[in-house]
Amino acid sequence: MAETATLSYGGKSYELPIITGTENESAIDISKLRSDSGLITFDEGYKNTGSTISNITFLDGEKGILHYRGYTIEDLASKASFVEVIYLLLYGELPTQTQLSEFEGSISKHTLVHENLVKVFEVFPTGSHPMGQLMTMMSALSSFYPDSLNPNKKPEETNLTVIRLLAKMTTMCAMIHKKGKGHPVLYPQNKYDYVTNFLYMTFGNVSEEYIADPVIVDAMNKLLILHADHEQNCSASTVRIVGSSHANLYASIAAGIAALWGPRHGGANQEVLEMLEDIRTNAGGDVKRAVAEAKDKKRLLFGFGHRVYKNFDPRAKIIKVACDNILAKLGVNDPLLAIAKELEEVALNDPYFVERKLYPNVDFYSGIIYKALGFPTPMFTVLFALGRLPGWIAQWKELRERNENIGRPRQIYTGYTQRAFTNIADRK
Ligand code: SDX
């Protein structure tokens, strides 16, 4: 007989089914709880709430394990290209060489964006944040594809929308960088692979031939893979909840970008670099002061702590090693790396961080690499979004394939109970 959990309430007992996943994670199924008992569950911030059943990504926060479709993040980051990982996340299997070539070929046919989309850039004031621009561009993209606005009407168009999005995302991200610098935008060159094309459009120059540096191409592939999915994080949950209203993919992804921008989520990568810079310039490199301020709740140590990882974030381990290697290969000697390492060392030996199980997360060392590759700090979260796009799409696709219910949590109301309306003349 299937296992159940028993809940006693109001003199009655209720048998609640247990659901178990392939990695033996178990959950109490409360889908009939309210209709049977009148109770709802309360879990602010969804710390203990499973919102879906998913086949995409598995993570074990206690053991520091992360798998995409069953493959370890260590294997994928060292052996696969970003495009292989995109394919894996979207379609469930690693591609054969033929499938990969076809997939890359179909993406490269859609890398151009409509010229009117480029004009949208004219409305942004100088210095406007790249994430705000990306959100706007993503929403604006929907205007050019009216046939994809209702995913129920032409479901056969979904895969084309997915390909378009993947293709145009690199072009839009690179344009944001170019516009920020006041440089002319570069149009995609489809002789390049996905990642190289992005680097060409970002760092290439109209007046010179672009020669891709394999160290930079490898570093970018690795970073994008490490950011590609992370199960039901804040932005993926946002994409799913927006998609659950049957909103189109562009609108759902724009919402995911908005969620990612927050400094508690993807926006932390920009904050980390600014924090390290602040420690270097304003605190004379005194990391102990920053740690003391964090303990006094005067600041957060950005890039530290995670809702799920309570031992270590496997991505942060990989990025730390990559950071040393990439900076050495590029001949970059960034004093912020030494500050970051010292900060990590001090925090990891401090009871405040030990008791709260706060470790460096994916955002702690990534910015130092992005900086070494030549990206300005405000672009960092855009790079996270570029990496996370396939994860968001895979989550949206899965939600649609499972025909999930509209996301609509309940609440415990603590406001006024019913009271009499007072006419304006009688109000005090
Ligand atoms: C990402 O969820 C995902 O999977 C996200 C992500 C992904 O790939 O999608 O992994 C990407 O978003 C990484 C996280 C990036 N954010 C930051 O680096 C910002 C700094 N970190 C935090 O704000 C925080 O740790 C969170 C938001 C990441 C997690 O928050 P939780 O799980 O709600 O934990 P909490 O805020 O309730 O903290 C528990 C305690 C509190 O202290 P007490 O009230 O118990 O005294 O730890 C303290 C917090 O004040 N704390 C920190 C801290 N993080 C938590 N104190 C100082 N510095 C920090 N960074």
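Two strands count as paired if DSSP finds at least two bridges between them. Helices (H or I, at least four residues) and strands (E, at least two) are DSSP runs, numbered from the N terminus. With that in hand, let's look at two regions of this model. It is a predicted model, in which local features need pLDDT of at least 70, side-chain atom pairs count only at pLDDT 80 or more, and totals for chains, interfaces and linings use all residues. Residues are numbered from 1 along each chain as its sequence is written, and side-chain values use heavy atoms, with hydrogens and water left out.

**Strands and hairpins**

- Strand β1 (residues 4-9) runs antiparallel to strand β2 (residues 12-20), and 6 bridges pair them.
- The hairpin of β1 and β2 leaves 2 residues between the strands, and Gly10 in the turn has a positive phi of about 60°.
- β2 also pairs with strand β3 (residues 26-28), again in the antiparallel sense, over 3 bridges.
- Here Thr20 has Ser26 in β3 as its bridge partner.
- This hairpin of β2 and β3 has 5 residues between the strands, with Asn24 at a positive phi near 70°.

**A pair of helices**

- Helix α7 (residues 158-181) and helix α18 (residues 380-401) have axes (lines fitted to C-alpha atoms over the stretch in contact) that come within 10 Å and cross at roughly 175°.
- Angles run from 0 to 180 degrees between N-to-C directions, and those under 35 degrees count as roughly parallel, over 145 as roughly antiparallel, 65 to 115 as roughly perpendicular and the rest as oblique; α7 and α18 are therefore roughly antiparallel.
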